[in-house]
Amino acid sequence: MLRKISFALVTVVLFLGMSSAAFGQKTTVVRVVVVKTDNPAAYAQAIEAGKEIMKKAGVSANTHVYQASYAGPNAGAVVASIEYPSMAALADAEMKLRVNKDYIEWIKGLDKIRTIVSDSIYREL
């Protein structure tokens, strides 16, 4: 019985170790937020303010705002992309920003000029 419990414990530890290694891999991760806004220029300008808040909070990410064209029914859609060097960097950024008062207020302000249509995370293969 003790042998079975030991084997199970070793197996769990190995799986956790492999999961941690995969989580910390150095593959680029992009958060893509599709929004609906009546004023794409104001939204892009507001994102610039958010970049400064993120920078002051110690978050290293590349942020861009795009507007779709030649996109069929999605023409005109506005997308913000936030690129992180790894999944670990994204997790670290989330931890820092969730408690940052300036960031929280900034997000509340964004809610006045946009509605989130989708929010996804993509990782580089």
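Which residues of H3 are buried?

**View 1. Helix H3 and its buried residues.** In this predicted model, the buried residues of H3 are Leu-90, Ala-93 and Leu-97. These residues lie on the same side of H3, because the arc that they cover around the axis is only 60 degrees. In an α-helix there are 3.6 residues a turn, so residues three or four places apart point the same way. Among the elements that cover the buried residues of H3 are S1, H2, S3, H4 and S4. H3 itself has 12 residues, and the 17 Å from its first C-alpha to its last is close to the 16 Å expected at 1.5 Å a residue.

**View 2. The largest pocket and its lining.** The largest pocket, with a volume of about 330 Å³, is lined by 21 residues, and those nearest its centre are Arg-31, Ile-82, Tyr-103, Trp-106 and Ile-107. Two or more lining residues come from each of strand S1 (29-36), helix H2 (40-56), strand S3 (78-84), helix H3 (87-98), helix H4 (101-110) and strand S4 (115-123). Sorted by class, the lining has 14 nonpolar, 1 polar and 6 charged residues.

**View 3. Ala-61 and its contacts.** Apart from neighbours within four places in sequence, Ala-61 is in contact with Met-54, Ile-82, Glu-83 and Tyr-84. The C-alpha atom of Ala-61 is separated by 10.0 Å from that of Val-29, which is 32 residues apart from Ala-61 along the chain.

Note on methods. Residues are numbered from 1 along each chain as its sequence is written. This is a predicted model: local features need pLDDT of at least 70, side-chain atom pairs count only at pLDDT 80 or more; totals for chains, interfaces and linings use all residues. Side-chain values use heavy atoms; hydrogens and water are left out. On a 1 Å grid over the protein atoms alone, a cavity is a set of points where a 1.4 Å probe fits but cannot get out, and a pocket is an open set with protein on both sides within 12 Å along at least five of seven lines; lining residues have an atom within 4 Å of a point. Grid points are joined across faces, edges and corners, and a volume is the space filled by probe spheres set on the points. Helices (H or I, at least four residues) and strands (E, at least two) are DSSP runs, numbered from the N terminus. Ala, Val, Leu, Ile, Met, Phe, Trp, Tyr, Cys and Pro count as nonpolar, Asp, Glu, Lys and Arg as charged, and the others, Gly among them, as polar. The expected span of a helix is 1.5 Å times one less than its number of residues. Buried means under 20% relative accessible area, exposed over 50%, partly exposed in between (1.4 Å probe, protein chains only). The arc is that of the directions from the helix axis to the C-beta atoms. Contact means heavy atoms within 4.5 Å.
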